[in-house]
Amino acid sequence: MWNSLKVGKVAVKAFFSLNFAFLSNCYHHTPLSQYTHTLKNITHMCKTCACGLWSDIRRAKIVKGRSINLALSHRGRQALKHVGLEEKIVAQGIPMHARMIHSLDGKQSPIPYGRKGQSGRIKLMLLCHASAETYPNTKMNFDHKLQDWNAETGLMTFVRLDGSKEQVKADLIVGCDGAFSAVRKQFLRRSRFDYSQTYIPHGYMELTMPPINGEFAMKPNYLHIWPRNTFMMIALPNLDKTFTCTLFMPFEDFEKITTGDEVIEFFQKYFPDTIPLIGADTLQRDYFRLPAQAMVSVKCNPYHIGDTCVLMGDAAHAVVPFYGQGMNAGFEDCIVFDEIMDQFNEDFRAVLPEYTRVRVPDDHAIADLAMYNYIEMRAHVNSKWFIFRKYVDNILHFFMPKTIIPLYTMVTFTRTRYHEAVKRWHWQNKVKYLEKMCFYTALHVIDWVKGLLHFR
């Protein structure tokens, strides 16, 4: 279909570049985006958000919204490489080589990732916008709010800032408008569409740790974590030498803190080493600047309607941010879609159902892993047994790289399908459990034999 309409891979690359720009937007409460793709003479990109209109941030004096830091790992890099943006984007990031665990007494303990790699902090929207605009058949339309669309005809109705309406007809509509997708609402009106959303009882709040004497206040190439069992704080570095600190905590605990003195008392009790780094006055002010924000996980199936519409990114699979895979999974949507287009000779009647079949189990798997990883980050990393297991996993992986692969390595540093990584992880845990049982059994047998020989 693409070639017959004289669009071909040029439009695909423009489509991916804009998709990357949209999918790279921050978590659910920062304005997200949605665009449409018409396969005739021009590729129309219409940007809106779940709660209203999206303006061109390149022309905005103040960009509103809040974000959880973006982590770029192997899956995202492979997709960006596909459209020639990898090196430009990576140059805007900071490599992350390990977790740095901060205990209550101020001790810092690094826990390396499964193997060396990068999870870069990035700001990539401007580069993606600029890349998409280089394609002559691409037009970006800002301040267009999707009011309604028709799955049978591909006709969409948008509302502009001045209240006027515009109708656009598309051969393929690609909905990337975030966790509260306006495009997805049409799916909910149809039978046999599964949908669920889950809010976790924890919220998040962002604080800024300024540089000290023009340099980072902490070591920059780490994901800093203050695990406190039922809650935690993390910090990631920015290119301006600041750290973005994100406090994740049950809403009921946020609500208990109502005064500046209570903020300092709370941080003195649980994060005492951060007070001189953030600053007591700044901490008291910023804590009340915005309320704690909610986090939601979204699952749905299928991702497509016929051959006219497909969902990608958070619109299809919003995840909580604790595995750093939300943006990477969205980017991987693009490259998987392109691979399936090649497989089926760009026939959307075959491409879209296959995309749903391939992608749904993977996206559901990473949604579940993200939920699990929150428990690991805020509680398990305090355990000596957990740290020991991590080192054992890495040692086993070093000696048996094809047999034992740590889950984090499979998820973050390979393109192993998410659901296959989970299956392998469960299998490896059984193998390691059996090995441990065999080891202890062997020790008991040896002791029994020694005792028998000694008796004789």
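Phenylalanine 399 lies in helix α13, which spans residues 384-399; helices (H or I, at least four residues) and strands (E, at least two) are DSSP runs numbered from the N terminus. The model is a predicted one, in which local features need pLDDT of at least 70 and side-chain atom pairs count only at pLDDT 80 or more, whereas totals for chains, interfaces and linings use all residues. Residues are numbered from 1 along each chain as its sequence is written, and side-chain values use heavy atoms, with hydrogens and water left out.

With a relative accessibility of 64%, phenylalanine 399 counts as exposed. In this classification, buried means under 20% relative accessible area, exposed means over 50%, and partly exposed lies in between (1.4 Å probe, protein chains only). Together with Ile395 and Phe398, Phe399 makes a nonpolar surface patch of about 400 Å². Patches consist of residues with over 30% relative accessible area and no salt bridge, like charges being joined within 9 Å and nonpolar side chains (Val, Leu, Ile, Met, Phe, Trp, Tyr) within 5 Å. Accessible areas come from the Shrake-Rupley method with a 1.4 Å probe, and for residues only the protein chains shown count as cover.

For the protein chain as a whole, the secondary structure comprises 15 helices and 19 strands. Of its 456 residues, 54% are buried. The chain exposes about 21,100 Å², of which carbon and sulfur atoms supply 57%. Among contacts (heavy atoms within 4.5 Å) with a separation of 6 or more, 71% are between residues 24 or more positions apart.

The interior was examined next. A nonpolar core is a set of buried Ala, Val, Leu, Ile, Met, Phe, Trp, Tyr and Cys residues joined through side-chain atoms within 4.5 Å. The largest such core holds 63 residues, and Leu247, Phe267 and Phe322 touch the most other members. Helix α12 (residues 348-378) gives the most to this core, contributing seven residues. At least three residues of the core come from each of domain 1 (7-368) and domain 2 (384-454), the domain bounds being taken from an automatic or database domain assignment. When residues up to four places away in sequence are not counted, leucine 247 touches Gly203, Tyr204, Met205, Met232, Met233, Phe254, Phe266, Phe267, Phe271 and Tyr287. A second, separate core has 46 residues, including Leu85, Trp149, Met312 and Phe337.

Charged side chains form 19 salt bridges in the structure, each defined by a side-chain nitrogen of Lys or Arg within 4 Å of a carboxyl oxygen of Asp or Glu. One of them joins glutamate 332 and arginine 415 at 3.0 Å, N to O. This pair links distant parts of the chain, 83 residues apart: glutamate 332 is in helix α11 (residues 326-343), and arginine 415 is in the loop between α14 (407-413) and α15 (418-455). Glutamate 332 is buried because its relative accessibility is 2%, whereas arginine 415, at 27%, is partly exposed.

Another salt bridge pairs aspartate 286 with arginine 285 (3.2 Å, N to O). Here aspartate 286 is buried, at 9% relative accessible area, while arginine 285 is exposed, at 53%. In a further bridge, the closest N and O atoms of arginine 349 and aspartate 347 are 3.2 Å apart; arginine 349 is exposed at 58%, and aspartate 347 is partly exposed at 23%. Through shared partners, salt bridges also join Arg75, Glu332, Asp333, Glu339, Arg359, Asp362, Asp363, Arg415 and Arg417 into one network.
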